[in-house]
Amino acid sequence: MISGPAAASAPADAGAESGRAVRLPRRERREQLLAAAREVFVAHGYHAAAMDDIAVRAGVSKPVLYQHFPSKLDLYLALLDAGADALVAAVRDALGSTQDNKLRVQATVLAYYAFVDDPAGAYRLVFESDLTNDPAVRGRLEILDRQCADLVSAVIAADTGLSAAQARLLASGLLGMAQVSARRWLRDRDTVPLEDAAALVDLLAWRGIGGFPLSHPSG
């Protein structure tokens, strides 16, 4: 018979040994489920991923998973929102990190490279989704593109005097260059360091965008 402190710990130990999920605060459980789902979606894509696999990866039962996310699509959209928010924040921080436009271009390109270099693989959901035909996914990706382009185009328009439409075209070109080159770099990451790759692309971008005269030059 167990008595004293050992007796008090026996139920918890028994629960751990039985494999039952530890009760977590709702927010922590949600983050745990999102992390597990991200691993499964990144590895298999949306269509091949199963809620069973996500529940197993998270160490919970399917009913627990469905308590937080009513469907696989809801879970995917939550991850897509998180990835999109992270990228928008990175672009905003890059633009706000300096008043030097050359350094702004450098920081913005580097933000995209850092995003695709994240081991969590969120870029796979944002840039390489296999669910772009779904209206909810497509709508979110369009909003992401617009938000990032608006951030960059606002700086371009303010500093060059170009129209909003012209500035948005330049912004889209810069961001498209950063995104596509960053994803291509992943294949060569063992031979070209991230900083070197980003520097090559931001040099190319700056030689183009830097040719537009400032509407209010200093000095």
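Contact here means heavy atoms within 4.5 Å.

**Entry 1. Overall make-up**

I note at the outset that this is a predicted model. I looked up the secondary structure and found 10 helices and 0 strands. Read from the N terminus on, the elements run α-α-α-α-α-α-α-α-α-α. The protein has 219 residues, of which 37% count as buried. I then turned to the contacts with a separation of 6 or more, and I recorded that residues 24 or more positions apart account for 65% of them.

**Entry 2. Ser-181**

I located Ser-181 in helix H9. Is Ser-181 buried or exposed? I found a relative accessible area of 16% for Ser-181. The cut-off for buried is under 20%, so Ser-181 is buried. Leaving aside residues up to four places away in sequence, I found that Ser-181 touches Tyr-113 and Val-201. I also followed the side chain of Ser-181, which reaches the backbone oxygen of Met-177 at 2.7 Å.

**Entry 3. Helices H6 and H8**

I next examined helix H6, which spans residues 101-117. The axes of H6 and H8 come within 12 Å and cross at roughly 170 degrees. Angles over 145 degrees count as roughly antiparallel, and therefore H6 is roughly antiparallel to H8. Which residues make the contact? On the H6 side I listed Asn-101, Arg-104 and Tyr-112. On the H8 side I listed Cys-148, Val-155 and Asp-159.

**Entry 4. Salt bridges around Glu-128**

How many salt bridges does the count come to? The count comes to 9 salt bridges. The side chains of Glu-128 and Arg-124 meet at 2.9 Å, N to O. Both residues are partly exposed: Glu-128 has a relative accessible area of 34%, and Arg-124 has one of 32%.

Glu-128 also forms a salt bridge with Arg-183, and the closest N and O atoms of that pair are 3.2 Å apart. I checked where these two residues lie, and the pair links distant parts of the chain, 55 residues apart. Glu-128 sits in the loop between helix H7 (122-127) and helix H8 (135-160), while Arg-183 belongs to helix H9 (residues 164-185). Arg-183 counts as partly exposed, at 26% relative accessibility.

**Entry 5. Arg-168 and Asp-150**

I then looked up another salt bridge, in which the side chains of Arg-168 and Asp-150 meet at 3.5 Å, N to O. Why does this pair tie together parts that are 18 residues apart in sequence? The pair does so because Arg-168 lies in helix H9 and Asp-150 in helix H8. Arg-168 counts as partly exposed at 36% relative accessibility, and Asp-150 counts as partly exposed at 31%.

How values were computed:
Residues are numbered from 1 along each chain as its sequence is written. This is a predicted model: local features need pLDDT of at least 70, side-chain atom pairs count only at pLDDT 80 or more; totals for chains, interfaces and linings use all residues. Side-chain values use heavy atoms; hydrogens and water are left out. A salt bridge is a side-chain nitrogen of Lys or Arg within 4 Å of a carboxyl oxygen of Asp or Glu. Buried means under 20% relative accessible area, exposed over 50%, partly exposed in between (1.4 Å probe, protein chains only). Helices (H or I, at least four residues) and strands (E, at least two) are DSSP runs, numbered from the N terminus. Axes are lines fitted to C-alpha atoms, for helices over the stretch in contact, and angles run from 0 to 180 degrees between N-to-C directions. Angles under 35 degrees count as roughly parallel, over 145 as roughly antiparallel, 65 to 115 as roughly perpendicular and the rest as oblique. A polar contact is a pair of N or O atoms within 3.5 Å; within protein, one must be able to donate a hydrogen and the other to accept it, and residues adjacent in sequence count only if both atoms are side-chain atoms.
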